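Q: Hi! Could you walk me through a few local features of this one?

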Amino acid sequence: MKKFNIRKVLDGLTAASSSSSSSPSANQTQNDPVPETLQSEHFQLCKTVASWFPVPTLLDGFDPVQKILAVGTQSGALRLFGRAGVECYCQHESGAAVIQLQFLINEGALVSALADDSIHLWNLRQKIPAVLHSLKFSRERITYCHLPFQSKWLYIGTEKGNIHIVNVESFTLSGYVIMWNKAIELVSPVSPRCFPGVSPVCPQCVPAVSPLFPRCVPSVSPLCPGVSPVSPRCFPGVSPLSSKTHPGPVVHISDNPMDEGKLLIGFECGIVVLWDLKCKKADCRYTYDEAIHSVSWHHEGKQFVCSHSDGTLTTWNIRAQTKPQIITPHGKQPKDGKKPEPCKPILKVEYKTSRVGDPFMVLSGGLSYDTVGRRSCLTVMHGRSTTLLEMDFPIVDFLTLCETPYPNDFQEPYAVLVLLEKDLVLIDLGQIGYPIFETPYPLTLHESPVTCCEYLVDCPSELIPALYSVGSRQKRQSFSKKEWPISGGSWGHGTQSYPEIIITGHADGSIKFWDASALMLQVLYKLKTAKVFERSRRSEEKGGSEMVDEDPFAIQTLSWCPESRTLCVAGVSAHIIIYRFSKQEVTADTLQLLEVRMQSEFSEGDSPESPEQSLPPPSSPQEADAPPQTPNCDGPRDNKPCLQVRSSPLKQSPGFQVELVVQLLWVSGEPPQPITSLAVNSLYGLVVFGNSSGLAVVDFLQKTLLLNMGIPELCSPADPQLRQPRSPRKTRHASTVSEFDTDDPSETSCMSRLSNLYSESVKKLRSSHITGDSMDGANTSEDRCKSPTSGSASPCNSDDERKHRFIEKVKSKSRRFSKTVANDFARISRKISYSGEKSDPEVNASFSRSRSSSVSSLDRESREVISSLTFCESFPRKGDASLGPSLLLGTSMGSVIMVALSLPLPGETRLQQPVGVAPCGSLETLKAGILTMALLDSSGSLLPRPSEQWYDPNGSEEDQREKRRRRPPSPPPSVEGQDSQFLVLVSEKQAKVLALPSQSRLHKHSISESSFVLRADVVTLGGGNCIACFCANGHIMTLSLPSLRPLLDVNYLPLTDMRIARTFCFSHLGQALYLTSPTEIQRLTYSQDTCEHRQEMLSELFTPVETPEAPNRGFFKGLFGGGAQSLDREDLFGELGSGKASRSLAQLIPGSGGMEGVKGAASGVVGDLARARIALDERGQKLGELEDRTAAMMNSADSFSKHAHDMMLKYKDKKWYQL
């Protein structure tokens, strides 16, 4: 019986409704000649992997057998690292901070303790770790946890000073509890041993005192005849501590390496207690005046080291409780024997021994207070040498990696893992100078805030090796020659077969290329655009509260051609840099510079009426990305760029090298408008960019400007009467209508409104990208000399008093806006949605293709900007019979404009004759701003953008000429009267498909009425094409091509951060990504096929590894009992031995790890078969080794028997005196 599919029925109904709402020319949809292979069952949305470094980090844990690292964060996230390509992300549901991590070594499990007083057991034997059990404490706060090696009993210290014991297998509490008063109790009843020669103290002398201390009997002189007042000398080796004095929370728990029955407990006040688990009493107590931060054992169990808050280290012998050995690693030792000067606290110390050589003592902190300005340091003490290692960021935690997991053996340390706030460093202890290991993890993603992102799937196969080869030369730091020691886990069996590259632009002007072919990112190459410019040195005084330094080199947008390896970058300072890829190193004496003067043609609104207004005017994109230079307010700044290109020679390493620098100039005291769109084409040799001032076309081969035209002139190039004259800016009126009160949503781009809302909050990327603290909006000195909104006259052109009042008003408004931007976002989103719902579609459809003065930019409150640019081979004009080089241009008002290009013949002619650029007028108008444009051929296949193959610009001349002559064959000409291309147009509100060259509209679809689209791309998936959209309401949608039939609509992620809107990218083959935080890239897929194979693609954290053998005690230690002593914890802590624990102390919460493990096992058939095969191979190998050992033992036994028989025969007949 055929299975009924309701999804296909819904698809048919949706297609019917969509076709009925289309224009009359779309009646041919029923018999569409273009077959569509994509159906709704081909789509499914799921997350694939998150590539990130946890910030802010709190602590880490390490499994020395499995070689797995775990890092916890303040938000309750866990990040597990293995070998390169093995990563895993986990998240606690409560979101509380992780305070401690404990691996069950070689067991495939992890215990995490959170700040909400809960502990969780994670199952790491499945590809997606899940919680098996949770235990929530209700009456005590957790401060420390300790899990001994090969033990199932977990010690938990609390803030009250008590210690509870938990069975990690069942996650139940034991009835065995160590109370703080029992641990520090010095004397229970007064004993005759306290007073030698004196009979027991009479009850009449001290009737109300049970333990005897000085302050218990303050008014008693002699207790009995012949007895002095009680003094500390009565209790040798013990300070006078009352049992009523609370020692503080537990800061350390560990068992004696040589005796599992002795537990060392450290309290915050400075007391350390050695507790006898069997006898349930304290054997010894060690007291120091300063607070304790950490404790570390010597492997022989005879002494331990404590770190204190005054920068000292105390080494205690377990049998000598009175005088510890005290050292101050970084303190000045006085000559007169006095106590050294106090230093900063030593937060952690680890004491590790080695069979050959001196032991290692590693500690963090402890520097002298006079070391002002010094960064965080790690101290390594080895023998008589003390090495201080400075770190770039504050130290959070560190671990010493050792060869053995057994605490009672020589540790043999080989590396120190240092977890910093923004980095992870691994130091090699086996080489001179302590070099660091080269990390394989993407930890440098957050070196500078990410400002833009691009995702390329199925790129040319030779591109990644080329980037890696030039990127490997950038690693000038001397790394350790050893391999990365964190080598646990195994790769997945279903990795992608196509290469993937992620490009990130950063606030410091750097661009990073990442290999994303596997589930883990690996940095390939880093490009620094700031080297092109001179470093500005400001001499004026700057107040921290009034001015905030911006990033002048921040990357705003980029465009690149992977086939020709041509990269074009636009920055916030209105500069464009064109790069060409070369494998040879060159030195440029002078950089090629082209300055462009783009005149603004618009009318501006009014300045804010009052500082209470929390929203910026709609026409203020310039305010969001103001150039950082400081102009001279004495006169208008004109014909000057925002940045100064360096005049000294620039040495360019192999990789991307500067071809041309384009800078926009100041005009009449006004800074250039920010670049909103950018496109580069290597085949044409052109770069085109646009903003609110218009469009500019640059020939980077001839280094000339071809076109500089305003948007009204582009829309109506044939009618000179409709071109708007270049006029000075008009002064703003006293009243301004809010952009969100307009009835026509197409008057202003929804995305531009949302961008304006967040302009003040996102431009200070440097100050807020990690901490998340809100910064007060403050203007630079350049902002003081320009209009803060895009319509008012410059204050520099008015009188000084008016200028001063205006500047103060703008500053006040900016500070108020930065503090209330989060609260205003929800209200503005509702207003945007409401304005979109109440708009009349007839009004939006009434736009004429030829602009008139009634809808020109002079009458509009907001400024029309160029939002999308695309090079193509198409029909520039209606009815053209042949294809030609063209440029598609989209604006924020929904206009689509076609520009015809006339290229000279390739070769020398191309470098001598100019390129012709001819605007062809407005082609189509859509609601809201244009997001993307693409072309399909007559069969519905996506047409690639024209490009040329890569050649080395610094190579031989013959190679360059041969490459330049190559040009892809031109598409066949169009048949007269027949359309041969489909033009796909997507705006923030709707999508349209036009037929070319007739320019007739075939299909039309309204994407969202209540929201608007943030990002849209035309992508290829499963042999078909579709439109992928991400909306502001969190929906991810796909539309078929060319019929625009809805295929997928999932409410995935609500827009809570403008970072997501700025970085969301769709790519081919069902891949997408976005940045959820400044340090995390979340990748997802909307392909059903990828979702089905996702389980096989994931890596394995746990791999079967044999536990190392326990250290050999030796003959004499075994004979005389000098080896390690074991403890039967089951009898001691079990219910029979200790009873049941209080039910009100903690609550057991079952987890879902078991079910997740079953699901993972059921879905990973290939992985199970592979593991079974490996297990069989290992078993066969072990059986073979056992057989060989048995044979060797048999041979040895036969040989021994033979030698013994010969010896017996030799001495058989001899007397004893003859021997």
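Q: Where is P997 found?
A: P997 sits in the loop between β50 (990–996) and β51 (1000–1006); strands here are DSSP runs of E with at least two residues, helices are runs of H or I with at least four, and both are numbered from the N terminus. A cis peptide bond joins L996 and P997, with omega about 10°.

Q: Before we go on, what kind of model is it, and how are residues numbered?
A: This is a predicted model, where local features need pLDDT of at least 70, side-chain atom pairs count only at pLDDT 80 or more, and totals for chains, interfaces and linings use all residues. Residues are numbered from 1 along each chain as its sequence is written, and side-chain values use heavy atoms, with hydrogens and water left out.

Q: Thanks! And what joins L1041 and P1042?
A: A cis peptide bond, with omega about 5°. P1042 is placed in the loop between β54 (1035–1040) and β55 (1046–1051).

Q: Now backbone torsions: what is phi for Y434?
A: Y434 has a positive phi of about 50°, although it is not a glycine. This tyrosine, Y434, is in the loop between β28 (424–428) and β29.

Q: Is Y434 buried or exposed?
A: Y434 counts as buried, at 12% relative accessibility. Buried means under 20% relative accessible area, exposed means over 50%, and partly exposed is in between (1.4 Å probe, protein chains only).

Q: And what about phi of S668?
A: Phi of S668 is near 55°, a positive value in a residue other than glycine. S668 lies in the loop between β39 and β40 (677–681) and counts as partly exposed at 44% relative accessibility.

Q: Switching to charges, how many salt bridges does the structure hold?
A: The structure holds 22 salt bridges, each being a side-chain nitrogen of Lys or Arg within 4 Å of a carboxyl oxygen of Asp or Glu. One of them pairs R375 with E390, the closest N and O atoms being 3.4 Å apart.

Q: Which parts does the R375 and E390 pair tie together?
A: R375 lies in the loop between β23 (360–365) and β24 (377–382) and E390 in strand β25 (residues 385–390), so the pair ties together parts that are 15 residues apart in sequence. R375 is partly exposed at 41%, and E390 is partly exposed at 42%.

Q: Which residue does E659 form a salt bridge with?
A: With K703, where the closest N and O atoms are 2.9 Å apart. That pair links distant parts of the chain, 44 residues apart: E659 is in strand β39 (residues 655–664), and K703 is in the loop between β42 (694–699) and β43 (704–709). E659 is buried, with a relative accessible area of 19%, whereas K703 counts as partly exposed at 24%.

Q: Which residues are linked with K152 in a network?
A: E169 and E1130 are linked with K152 in a network of salt bridges.

Q: Last topic: where is Y455, and what does Y455 touch?
A: Y455 lies in strand β29 (residues 450–457) and counts as buried at 6% relative accessibility. Leaving out residues up to four places away in sequence, Y455 touches E500, I501, I502, C1065, S1067, Q1071, A1072, L1073 and R1083, with contact meaning heavy atoms within 4.5 Å.

Q: How far apart are Y455 and I502?
A: Y455 and I502 are 47 residues apart in sequence and 4.7 Å apart in space, C-alpha to C-alpha.
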